[in-house]
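Okay, thanks for coming, everyone. Let me put the model up, and then I'll walk you through a few spots.

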Amino acid sequence: MRYLLEGMAMLEYDAINLAEKDLQYGREFLRNLQEEYDLPFISANVYDRATNELFAPAFLIKHVNGKKVGIFGVTLAQGVQRLVNPDEFEVRDPLAAAEQVVQALEQECDVIVALAHLGLKGALELAEKVPGIDIVISGHHGTHVRQPHRIGNTAIMQPGSKGKYLGLVEFALQNGQVQNLTGKTVALNDRIPDDPRLAELVRRYDDEVLLAFPLESPKAKTRFSLASERACRRCHPSEHQQWRSTLHSHAWETLVQKKQAHNPECQTCHTTLFGQPNGFVTLKENPDMVNVQCLACHRPKSPDLTVHSNRFRRGGSANGKTNGTVKDFLEITEETCVTCHNEDNSPHFDYESFLAKVKH
Ligand code: HEC
Ligand code: HEC
Ligand code: HEC
Ligand code: HEC
């Protein structure tokens with residue numbers, strides 16, 4: 001969080017809308033960082049319990065080319081109880097707050113921008129119920145929406161999360177009216193060079209993660225467990241061979257190349273059953289569970305994997321083929337994939353065409 005806010009300070013944002021993931025760090029922490037980095041926090045519906053007043057200004061007004069741009073922020077009040085300490089903050093109704101602020105801003109601003117941490121549905125509802133906003137910038141779910149939605153004269157943009165895309169809005173002001181508004185998003189991919197100061201900040205963060213989670217070398221010649229692909233290979237050689245040819249069997253190597261193999265945040269999807277029974281814990285503990293192996297897709301019904309292998313061992317209860325009557329593993333569906341192939345990490349995921357590439 002500290003690195004994130006330091007990065008945001010470097011980017012010189014005009015306004016930063018507070019939401020549940022900021023508030024979860026607590027009042028003291030936020031205040032200290034706000035002062036240290038001079039961050040322009042805003043929120044029209046987050047109240048400080050100690051004073052019963054808004055924790056940050058409801059809005060701010062920027063002067064751009066002789067015009068006034070009013071920017072205000074609102075955030076979700078519902079479903080955030082798990083993260084927000086009720087002794088520190090109260091999050092009040094965002095729509096009522098927005099209505100009040102827009103009334104005030106309309107008096108003096110040429111353009112009104114809402115930072116709406118409400119999810120896309122909530123942002124659309126805001127545009128519909130609170131007229132007078134020109135641009136709504138939507139957050140919370142983090143999905144990337146290329147083209148603006150429109151409701152009346154309001155454009156709603158959701159450029160995604162984690163700085164992967166930049167939202168760009170262009171419009172003309174004529175007779176105090178926003179006209180010819182177009183919007184698009186620009187991918188901040190490898191074609192756009194890193195800012196050296198930000199790159200340095202990311203390196204510092206990586207170093208800290210590496211210190212907290214050092215990558216210890218695996219013990220030499222560890223025996224592989226029944227959960228490992230190597231245990232499946234013996235009885236399923238052709239499936240194993242096909243799996244070897246997919247990138248799932250190189251997912252760990254990808255992290256090594258990116259110098260991120262130590263990072264638990266990346267390990268969750270580039271290893272097998274991360275943190276679950278039989279799954280990857282650390283490289284030192286079970287190096288045989290790196291990569292996206294068989295059990296990442298074939299989730300066993302029982303954590304006791306001997307059930308499956310013993311069935312087919314010599315002397316087991318079902319020695320040989322059982323013609324499909326045995327089902328020791330859960331059915332594979334799209335849900336199996338999207339825990340890893342989510343919007344953030346696999347934006348072009350399409351179940352049918354991706355399935356065709358991994359089927360054996
Ligand atoms: C001792 C041999 C043996 C081992 C080890 C073994 N399997 Fe199997 N497995 C079989 C046989 C034989 C069948 C065929 C059963 C049938 O005909 O229904 C089978 C069936 C399956 C099926 C389809 C039926 C079901 O239960 O859902 C899956 C999926 C499967 N194995 C995955 C795995 C995975 C993953 C591993 C490694 C963790 C593994 N197997 C290890 C012998 C083995
Ligand atoms: C445990 C996480 C995880 C699960 C579950 C998972 N994947 Fe993947 N998948 C990955 C990762 C990580 C990569 C990228 C590997 C790399 O490039 O290092 C990947 C890559 C792929 C690729 C590109 C591979 C190639 O060889 O071209 C396809 C296709 C794919 N996955 C399909 C699927 C499908 C279909 C499912 C569900 C049936 C699925 N994946 C389940 C993590 C997962
Ligand atoms: C939520 C699951 C998830 C997490 C967390 C995750 N990845 Fe991945 N990663 C994937 C999947 C799925 C793919 C395959 C994407 C595709 O082909 O659509 C992938 C692909 C990649 C690729 C190859 C494709 C590319 O984009 O260049 C790299 C490199 C990569 N991941 C690095 C990382 C690093 C570094 C981290 C940690 C900062 C990380 N991943 C965290 C799921 C994840
Ligand atoms: C990316 C996901 C994925 C991975 C990883 C994967 N499989 Fe599969 N596997 C599938 C899908 C999809 C099928 C098609 C049948 C189904 O839908 O259950 C399948 C089918 C099978 C079957 C036949 C099941 C049956 O019902 O007849 C076996 C056996 C099997 N896989 C073993 C393995 C083994 C062994 C590995 C590891 C070396 C592995 N699989 C890795 C997705 C995967």
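So, Asn278 is partly exposed, because 17 other C-beta atoms sit within 10 Å. For the cut-offs: 20 or more other C-beta atoms within 10 Å of a residue's own makes it buried, 12 or fewer makes it exposed, partly exposed is in between, and the C-beta atoms are placed from the backbone. You'll find Asn278 in the loop between α10 (264–270) and α11. Its phi is near 70°, a positive value in a residue other than glycine.

Quick housekeeping. This is a predicted model, where local features need pLDDT of at least 70, side-chain atom pairs count only at pLDDT 80 or more, and totals for chains, interfaces and linings use all residues. Residues are numbered from 1 along each chain as its sequence is written, while chains are lettered from A and ligands numbered from 1 in the order in which they are written. When I say helix or strand, I mean DSSP runs numbered from the N terminus: H or I of at least four residues for helices, E of at least two for strands.

Back to phi angles. Asp38 isn't a glycine either, yet has a positive phi of about 55°. Asp38 is in the loop between α3 (27–37) and β2 (41–42), and it counts as exposed because it has 9 C-beta neighbours inside 10 Å.

Now, how is the chain divided? The domain assignment gives domain 1 (2–187) and domain 2 (213–358); bounds like these come from an automatic or database assignment. The C-alpha centres of domain 1 and domain 2 lie 41 Å apart.

Next, a bit of sheet. Three strands form an open one, ordered β4-β3-β7, with antiparallel pairing. β4 (53–54) and β7 (89–91) are the edges, each with a single partner strand, so one side of each has no neighbour in the sheet. Strands count as paired if DSSP finds at least two bridges between them, and β3 (residues 46–48) and β4 pair over 2 bridges. Asp48 stands opposite Glu53 in β4.

Over in strand β8 (residues 111–117) there's Val111, which counts as buried because it has 21 C-beta neighbours inside 10 Å. Leaving out residues up to four places away in sequence, Val111 touches Lys67, Val69, Asp134 and Val178; contact here means C-beta atoms, placed from the backbone, within 7 Å. The C-alpha atoms of Val111 and Gln177 are 8.1 Å apart, although 66 residues separate the two along the chain.

Last topic, the ligands. A residue is near a ligand if its C-beta atom, placed from the backbone, lies within 6 Å of it.

Ligand 4 has 18 residues around it, and the closest are Cys232, His236, Glu239, Cys294 and Cys297. The elements giving two or more residues there are α7 (229–233), α8 (237–244), α11 (294–297) and α14 (351–358).

Around ligand 3 there are 17 residues, the closest being Gln260, Cys266, Cys269, Asn345 and Ser346. α10 gives the most to this shell, 5 residues. By class, the ligand 3 shell has 5 nonpolar, 10 polar and 2 charged residues. In that scheme Ala, Val, Leu, Ile, Met, Phe, Trp, Tyr, Cys and Pro are nonpolar, Asp, Glu, Lys and Arg are charged, and the others, Gly among them, are polar.

Technical notes:
Two residues are in contact if their C-beta atoms, placed from the backbone, lie within 7 Å.
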